[in-house]
Structure formats: structure tokens, C-alpha cells
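Dear colleague,

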Amino acid sequence: METKLPKGRETSQDHNGAGVSTEKLSRRKFLSYGIGGIATAIFAALAYPLAGYAVSPALRKQEEHWIAIGSIKDFKPGNPKKVDFSFRKHDGWTLVNQKSNVWVVAKGEGEFNIFSPKCTHLGCAYHWDDNQKKFMCPCHGGVFDITGKVLAGPPPRPLEKVSYRVQDGKLTVKGV
Ligand code: FES
């Protein structure tokens, strides 16, 4: 009994006499494959530069910002000083004005401890208590000495140090 095959298919016999089914590529299918291939190529050609444009901020090397915060003569040993500053940095595609501050502790002879302004417990701003000669965090009672070491409270580690440079008598800090 002869079996009816779908349009575009036909049978033949191999050299062992077994039936083999083949499918002819119709003109319509050929055109649809061709159009699909061209559309894919156009999409890839457009998508590649667009994807590069979209992800390039993420791939951009982390910018370094060195901010001048004063003359080294402005800072006296034993007298921590909070310095506010601002700088411009890239945030994705936009250039934003970033405000920050640090605590500067002069150690003498051009040496400094410069601390991030955030408590190492949960990030609150702390202050220098000149009577007690300690850094005090108002949030949960964290206390640090002038070198940043934890004296009391929940902070798990010393105050975080910020990188600095001294050049031509000027103190610069690394903005983050
Ligand atoms: S945030 Fe400073 S002690 Fe908790």
C-alpha cells in the first residue's frame, strides 16, 4: 500500500532497498530562510555596538580622584580636624558632584591618619570629643581613640583609613 507523504517530501530506496525519506527545499522555505538570515545579520550588526554602548560604563576602569584638602600646616598633631570637600565623578553616563569628608589626624613630620567619616558599625557619622580625646559615635555608643582603634561599643573594626599624598606641602586624599 502506498503511503501519502506531505507535499515537498518524497521517498527513495538506498542500495539495501530500505526506504529513505528526503525533503526538498521549496522556494518559499528558501526565501523565508534567506530573509530570516538577513534579518539576523542586521540585528547582530545593530545590537553589537548598542550593547557595547550600554555596558561600557560598567567596564570603565574605576576612576581615581585625588582631592587637595589643604596645606599640611593646617593640621596640628593631637587635634583631629574634619574636612569637607567635593569632586566630580562619573556615575554611569552622568558626571555628578560628589560631596564627602574625612577626619584628618596629623601625626607630625608630614605623616597623617586620615579616616573615612563613617563609623565601622553601621556607617553613622561620628565626631571628635575634645574633652575625652576620643571619637564618639552617637548611634550605638561606638568609641575610638585618636588612632582609630575601637575602645568601646559595637564597631567590629578600627576606623577605615583613606589613602593620602603630600606634594609640595599640600595634602591630597583619594576620593571614593
Ligand atoms: S553606627 Fe556607630 S556605633 Fe553603631
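**What was found**

In this predicted model, Lys-76 sits in the loop that runs between strand 3 (65-71) and strand 4 (81-91). Is Lys-76 buried or exposed? Lys-76 is exposed, because 11 other C-beta atoms lie within 10 Å, and a residue counts as exposed when that number is 12 or fewer. Although Lys-76 and Val-104 are 28 residues apart in sequence, their C-alpha atoms are 9.4 Å apart in space.

Val-104 leads on to the largest nonpolar core, which has 18 residues, and in which Val-102, Val-104, Phe-112 and Ile-114 touch the most other members. The elements that contribute two or more residues to this core are strand 5 (94-108), strand 6 (111-115) and strand 12 (170-175), and of these strand 5 gives the most, with five residues. In soluble globular proteins, nonpolar side chains tend to be buried together. If neighbours within four places in sequence are left aside, Val-102 is in contact with Val-83, Ile-114, Phe-115, Ser-116, Pro-117, Val-162 and Val-173.

Six bridges pair strand 3 with strand 12 in the antiparallel sense, and Gly-70 has Leu-171 in strand 12 as its bridge partner.

There is also an open sheet of four strands, in the order 7-8-9-10, where the pairing is again antiparallel. Its edge strands are strand 7 (127-129) and strand 10 (150-152), each of which pairs on one side only. Strand 9 (residues 143-144) and strand 10 run antiparallel and are joined by two bridges, and the bridge partner of Phe-144 in strand 10 is Val-150.

As for the protein as a whole, it contains one helix and 12 strands, and its elements run β-β-α-β-β-β-β-β-β-β-β-β-β from the N terminus on. Of its 176 residues, 14% count as buried. Among the contacts with a separation of 6 or more, 39% are between residues 24 or more positions apart.

With best wishes

Notes:
Residues numbered from 1 in each chain as written. Predicted model: local features only at pLDDT ≥ 70, side-chain atom pairs only at ≥ 80, totals over all residues. Core = buried A, V, L, I, M, F, W, Y, C linked by C-beta atoms within 7 Å. Buried ≥ 20, exposed ≤ 12 C-beta atoms within 10 Å, placed from the backbone. Contact = placed C-beta atoms within 7 Å. Pairing = 2+ DSSP bridges.
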